[in-house]
Every structure is written in structure tokens, then in C-alpha cells.
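Dear colleague,

Please find below the structure for your review.

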Amino acid sequence: MQFTPYPFEHLNTLLQGITPSKITDLSIGEPQFPTPLSIQQALQVHTDTLRFYPKSGGEDFLKEAQRCFIEHHFKVCLRDDQILPTLGSKEALFSFPIFYLHDKSQPKIAMPDPLYQVYLGSAQVAKAQPLFMPLSPANHFTPELDPVLKPHLVILNSPNNPTGRTLSLEELKVWVLRALEENFVLLNDECYSNIYATTPPPSILQACTEIGNTEFKNVLAINSLSKALSAPGVRSAYIAGDASILRQYKIFRGYSGCATPLPLQHAGAVGWLDFEQQEQIRQLYATNLQLAQEVLSVPIAPTSFYVWLEARNGKDFARYLFAHTGIKVLPGAFLSPSNSPHSVPFVRVALVYKNMRPILEDLKNAYQNYLKSVAC
């Protein structure tokens, strides 16, 4: 089995031979703010629990903390069997499609394009046909799927990486109704739901309750602490929704060796309940979104921490920017498995540093100079 190299490997190849004196990495969505002390201290206090085998289905205290997070942010109350802690969101996003599609005849999985590469890797292992939903300026970066394609699984990503497009509650309700009527499983990757300027993005779970699907039939949500609390190393996430699906998925995960170490579960539980720190970090990202809008003077979505910047040719601009400023950004073409022409002009810029203004000023100057050079 051969996998397509990760986008960052393509980026390293693209930038070979360029040696700036200083590098500022805006290509990867890795938070650069300190992890809250509450999480660090909980990790230290519980190192003695390393001697115990952790449950692959997560400890009760962690599940309770995650349920409280969902109730606090989305006003949705879950039963214990409607949520399953996972070893980060990547683990679930990769393993769930493999689990769910294994017994399907000629499986099909729909996903946005551009996308998070893990969706496609999972489809490859599941031997599923990927159905790409192009996100472009023409459709306002909105995922669209012809019912005639009849997918078994649809992955949404709202708020979206890389475009920042967030589906409204009404749009999510339409997708939930489609999942019920067309009998496919709908999974929303909500890992950026805690990063927004002013208005909190809705959860697919809220859309379910709005239309009376209180059992979340055919619907699942995945969320993570990594972005919301600058804690990707804690590997704390959940998959929540349809209990009948999660029941079998829990058994499947028991064979995979993906149980979260107990010290990390304790740290994660503290993080899920630290609403004050979540809000403080959200405000830092909100400031960055505002700064980017002010400095770059281009349309910027008020959710997630990315700028989807149109630069005529993303690969050329990424090389130009790196050579002139040392700033690394990710060409949109590397996030588009279908080589969609809609992604080629773009680069993804991650607003992950605390003091973004001087970085954005350097980026703006290089951006303007680049556009002038290609116009000549």
C-alpha cells in the first residue's frame, strides 16, 4: 500500500535550496501559545497512574468532563453511551471510516476538497471511493453533494480547514435531514469550533436536536482540545453522537492499542472543564483574525485560525515568500487530492503566534510585491 506524502513533505521539497536567515512557520496549524498551567499541573500530579493500563474507551471522569464541555458550549446533553474519548481527533478521523466502511460493498466516502489529508488516507485503507466536494469562491466554499452518488459516509469539516467556512445551523440541519433520508452516516470534524471572532460556530449535535433527532441517528461529531487549549500533546478528543454506532466502534478500538495514558486523561479532563482558559485562548485567536483582516485587507473568515489567501499561484508565492521573508505557508494545491484548479491559487496561512502584527506586515509587503511581479 502506498500513501500520498503528507502536504508538509511536498512543502519541504518545494522550498529546497532556499536558506533564509530566520524561519517563521505559518504552514502548520500548531498552536504557539503556552499550554494552560491547569493542564500541565494535572499531568504532573497524576504521573503515578502510569503503572495502570488505561481503558481504550476512556475513564468515566474524562467522559463526564467532555459531556460538560458539550453542554456548556452547545447546550446539548449526552448520555454516557453517546460519547467516546479518543487519542486525539486524528486517531478517530483515520480509524472510524476504516471501521464503518469495512463491510460495505463498493464503499463510498464523501469529503471536502481541499481537505485534511487524513480523510483521504483513511479512505485508501478502507478501499473506498472518495467523492470530492470542491470548495471554491464560486460556491462560497460550501460542500455540495449530488444525491445520485449515494455515499455510505460523508465527512464535513465545519469550521473548515483551510477555508474557514462555517456552516450555519440551518445548513447543518439540511445535512442531518439528508443523512436520515438518504441513509448515510454524517461525521462533522469540529476541531476548530472553539476558535472564532464573535459568534460561536454551531455543532452538528445542535442541528440534530433542533430537528428532533435526539438519538443522533446516523450523525457523529469529532472535537479536540488541541486547538482550543493549545494542547495537541495531550491527545484528548472525542467522537459523539449515534450510540448504536459508537457501541461497535468502541469494541473495534479495543483491539487497536490506542488507549490514552491515564496522566493525559486527567490532564485532558481538567482542560475540557477549564472554560476560562478556553475563552482566553479564543480571544487571542480572535485578535489574530482581526489583525489579519486589518493588515492584509482581504476577506477572512471569522472562524478557525487560518487565512485562505489567494495569490494567483500558491506554489510560486510560497517559494517567493519564503525566500524574501523566511515565512512558510502551505500551498493550497497540497491540500487538494483532486488537484482542483480552485485550490491552486491559494496558500494557507496559520495565525498561531501571539505577536502576529510584524509577521503579517512582512507577509503583506511580500504579497503585494509578488502580485506586482507576476502582473508585469
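**Strand pairing and packing**

Ala-110 has Val-154, in strand 5, as its bridge partner. The two strands concerned, strand 3 (residues 108–113) and strand 5 (residues 153–156), pair in the parallel sense over 2 bridges; strands are DSSP runs of E with at least two residues, helices runs of H or I with at least four, numbered from the N terminus, and two strands pair if DSSP finds at least two bridges between them.

This is a predicted model, in which local features need pLDDT of at least 70 and side-chain atom pairs count only at pLDDT 80 or more, whereas totals for chains, interfaces and linings use all residues. Residues are numbered from 1 along each chain as its sequence is written, and side-chain values use heavy atoms, without hydrogens and water.

The open sheet has 7 strands in the order 2-8-7-6-5-3-4, with mixed pairing. Strand 2 and strand 4 (129–134) are its edge strands, each pairing on one side only.

Strand 2 (residues 83–87) is largely enclosed by the rest of the structure, because 4 of its 5 residues are buried (under 20% relative accessible area, with exposed over 50% and partly exposed in between; 1.4 Å probe, protein chains only). Strand 2 pairs with strand 8 (residues 236–241) in the antiparallel sense over 5 bridges, and Leu-84 has Ile-239 of strand 8 as its bridge partner.
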